[in-house]
Amino acid sequence: MYFNLHVSFYLFHLKMAMFSRALLAMPAFSKSESALGCKIVTSFQNNQEKGLPSIMGTILFMDSDTGKLKVIMEGTEITAWRTAAASVVATKHLHVGEKKVLAILGAGTQGRIHALAMRHYFNFHEVRIWNRTESRAKALCSELGSWATHYSNKERCVRDADVIVTATYSPTPIVRLSWLKPGAHINAIGFGVKHHNELEDEIYKSESTVVWVDHMEAAQKELAELINNGVRMRGEVGQAMTLTHAQTQSSNITVFHSLGMAVEDVVAAKVVFEAHKEKIDAANNRPSN
């Protein structure tokens, strides 16, 4: 049981919107994990040109009994891994077909971490990566190794893929319904002008498409346009984890919209913090030679 709040510095966000920049505060508390904290996150779309992640965060982790600050943590890596972890969970519980071919659109921080996490958990035979700037896709594949292949054409990257990850700031669709194989699963994590820019409307309108989210309350706001146009949100991934079969037919196209939950950040921060404490304690208790 937890409460989760997502607060935007609205006036500041409006002031910076024309420059494709945003600042958010994301406080959360998990009662079951006794985790309390707040992530301050910035989203600057042009950071890749400067060799920096587009999304950067700082996490304030606090004592859940007193509210006292325990530690200030660099949250960019935690954000990347908790997002990829959510995609792994969604893929595990929503996609019922074979997991042989993975297509990733976007070669930034999220694209890289998703490639590592997805291949580790599902052992994809083929990992394809496309990026608007082809040199970045080539560079990422070179970093990852021979198991990753860059694609210059996004349609060829997506066609016949079992699982697709969209991790871009694209203001226009980069995935078409006609490219998708029956039963394909999409983890839509990118954020352009809207959270649903990356997929064309026909995907959502298709009778075979089933849409899931991480947090329904957030979806009412972030995906309001889709909902107002009649697109039904099937439920939260947490609910799908308790179902025997999250989708009714293997031919369904499943879409997981990852909107981001602050509770994921504070729980992940607790795991990192406690692991760090254990490492320090072990070093301090190690007998000297």
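Predicted model: local features only at pLDDT ≥ 70, side-chain atom pairs only at ≥ 80, totals over all residues.
Two strands are taken to pair if DSSP finds at least two bridges between them, strands (E, at least two residues) and helices (H or I, at least four) being DSSP runs numbered from the N terminus. Residues are numbered from 1 along each chain as its sequence is written, and side-chain values use heavy atoms, with hydrogens and water left out.

On this basis, strand β12 (residues 209-213) pairs with β13 in the parallel sense over 3 bridges, Val213 having Glu236 as its bridge partner in β13. These strands belong to an open sheet of 8 strands, paired in parallel in the order β9-β8-β7-β10-β11-β14-β12-β13. Because β9 (148-151) and β13 (233-236) stand at the edges with a single partner strand each, one side of each is left without a neighbour in the sheet.

Strand β7 runs parallel to β8 (residues 126-130), to which 5 bridges join it, and Ala103 stands opposite Arg128 in β8. Parallel to β7 also runs β10 (residues 163-166), joined to β7 by 4 bridges, and there the bridge partner of Leu105 is Thr166.
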